[in-house]
Amino acid sequence: MKENMQEILENDNMTDKQRKKLKMRKKLKYGTMATAVTAVVIVVVILVNVLVGMLTNIRLDLTSDNIYEVSEETIDYVKNLDKDVEIAISVEKDTIKTLLGTSEMMVSETLSKYEDYSDHVSVTYFDTTKDPDILSKYQEMYGGNIASGAVIVSCGERVKVFGILDMFDIDTNLYYQYMYGQCAFQDIITGYKGEQLLTNAIMNVTDANVKRVGLIEKANSDYIFSATQGNVYAVESLATLLDDNGYDVTRELDIASSELSTEDYDILVLPAPVNDISVDASKRLSDFMYNDGKYGRHLLYIADYTQGDTPNLDAFLKDWNITISKSIVNDAEDKSQVVNTYDAYYSSGRSIIAPSVTIASQDYSGSLENSSLPVVAPFGRPIIEEKLNNGKVVEPLWQTTESSTELVLKSTDVSEEEAAEKKARTVACVVTNQVNTDGTIYESDMLVLTSLSMVDSMILSDSAYNNGDYVISALNTICGKEDSGTVIASKSITASTLDITTEKIDMIKWIVWAVIPLIVVFCGIVVAIRRRSR
C-alpha cells in the first residue's frame, strides 16, 4: 500500500515528459519479456517439428529383444557383399499392412536395414497381377510357381523363395483362430526370424560353391519311411533345416526310379526305409559314393525303430563297417531327460524319455554357436562297429552313458528290457572312406543318425537342443562347406513391444504442425486484446 501511494505521489510530481519515459520503460520491460517467451515457444515448436519429421527417417528400436535391429553377423556379411542381390516381395506394401497389421513394421524395417548397409542390395515390392512381367522373370529363374506374398531373393540366375509368413514363429494352437478372423496376426506370433531367413537366402544365392542335396523320400511313389505324421514332419523339418543353411535341396527323389547322379548331387539323404531297398538301389548308392573313383560324395543315413527287416540295406551298411541293432537304447540308472516330440495321434507335442547323450567327437562340432547345449536321441538305436579291413573308419559322434542298456524291438513295438551289458552305446557316427591317389586324398563319408526323432520337428525348432546345429556342423565339415548356418536366432516377441504405427505418427504430426501453433496463435491474440483494453 505504501509502495502504491509512493508511486502515485511520484506520478503527481512528474512532468509529462517524465511520465512518457516511465511508460516507455514499462513497455520495453514487459515487451522484451513477452518477445523472449514467444521466441522460446517458437524455437521449441520448430525443434519438435524437426524431431517429428525425423521419425520416418530415424528408427529407434526400444524393444527388449531388438526386434527391429539386425545382428553384427548380418551387418558384416552384407557390407562385404560384392554381388548384386535383389529382394522382391510379391505383394504391395499396403497389402502387407492389411495382412500382418502392426507386425508389418518388423518386415519393412528389416528389409530397409539390408538396403542401408549395402549398395548391392535392392528391395522392391510388386503385385503379381499388375506386374506379370516381373513375376514371369522370377518364375523362370525359380522354375516353380510364385504366389502372392512370397519373398524372392536372387543373385544372377540363383534364386531362393519363401513365404512372408515364414518370417514369423507362429503359435499353431491359435493359427486357426486367425484363419477364421477371431484374432489378429500379431496375436498368434511368438517369434520373428526374418533376418535369419533373409541372410541365409543371401548366403545361398551368392555362394559360388553351393552343395546340392538329393532327399530320397519315396519308394515306388510311396513314402520310403513309416508315414506317421511325426515322421513326415521330421523329414520336412530336416529339408527346411538344410535349405535354411545354404544347401540346394531337391526333394521327393524315388529310390526305385530316380537317377542318383553324382553330377546332380553332392549329398544324398536316406531317411529310414521301412521296407528293404532292392539290390539295384543298393548298388546305385555304392556307385554314388564311389563316384568313378573320384569319391567326394556323401550320404546322410537315418535309421529308425519303425523299420522292418532290411537285409539288402543291412549289407550296404555292413560294407561301411556298421550294423545297427534291432533295439533302442535305455538308461538303467535313470540318467535320462524328458523331451517334447511331435505326437502323430494328437497333432501336438508329447513328452517322452530320452537317454542322456554326450558328444563323443568335437571334430564335427566346430561351428556350434553354443556348445554347452545338449543333443538328444529319443528312440536311438545302437550302432555296432564291424571290424573289417576295408579302409573305412568309424568315428562315434554321440554316445550314451556307461549305464545304458537296450530294449529289444519286435516289429514296431518295444518289449521288456533285455538283460544287456551296461555300457556306452554309439547312437550317431560318421564313416570315412579315403583313398590316396598319387599323393592326393579323395574321401567319401556317411553320416549316420539312428532315429528320425533326432530330427523331430519340435526338437529342431527348440533352441534348448543342439540337434539341428550339430547336423549342419557335421555336414559342413564333411563336405567342406563354409559355415553359413543358423547362427542368427529367432527373436522372441512375446514380451510387450513399442510399435509406432503410421497412424500414430500422422496424429503426432498434426498435433505439432497444426494444434500447437493454433494454441500459440490463440494465446497471442488473447494477450494482445488484454493489452489493448488496459
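Predicted model: local features only at pLDDT ≥ 70, side-chain atom pairs only at ≥ 80, totals over all residues.

Trainee: Where is serine 444 found?
Mentor: Serine 444 sits in strand β22, which covers residues 440-449.

Trainee: And is serine 444 buried or exposed?
Mentor: Serine 444 is buried, because its relative accessible area is 0% and buried means under 20%.

Trainee: What does the side chain of serine 444 reach?
Mentor: Two backbone oxygens: that of methionine 289 at 2.7 Å, and that of arginine 297 at 3.1 Å.

Trainee: Which residues does serine 444 touch, leaving out those up to four places away in sequence?
Mentor: Met289 and Arg297 are there, along with Tyr295, Gly296, His298, Trp320, Val431, Thr432 and Asn433.

Trainee: Switching to the surface: which residues form a nonpolar patch?
Mentor: Met507, Ile511, Val515, Ile516, Ile519 and Val520 do, and together they have about 470 Å² of accessible area.

Trainee: Where is isoleucine 511, then?
Mentor: Isoleucine 511 belongs to helix α14, residues 502-533.

Trainee: Now the inside. How many residues has the largest nonpolar core?
Mentor: That core has 69 residues, and Tyr301, Trp398 and Met446 are the ones with the most contacts inside it. There is also a second, separate core of 34 residues, with Val70, Val78, Val91 and Tyr192 among them.

Definitions and conventions
Residues numbered from 1 in each chain as written. Heavy atoms only, no water. Helix = DSSP H or I, 4+ residues; strand = E, 2+ residues; numbered from the N terminus. Buried < 20%, exposed > 50% of the residue type's maximum accessible area, 1.4 Å probe, protein only. Polar contact = N/O pair within 3.5 Å; in protein donor to acceptor, adjacent residues only side chain to side chain. Contact = heavy atoms within 4.5 Å. Patch = residues over 30% accessible without salt bridge, like charges linked within 9 Å, V, L, I, M, F, W, Y side chains within 5 Å. Areas by Shrake-Rupley, 256 points an atom, 1.4 Å probe, with all protein chains shown as cover. Salt bridge = Lys/Arg side-chain N within 4 Å of Asp/Glu carboxyl O. Core = buried A, V, L, I, M, F, W, Y, C linked by side-chain atoms within 4.5 Å.
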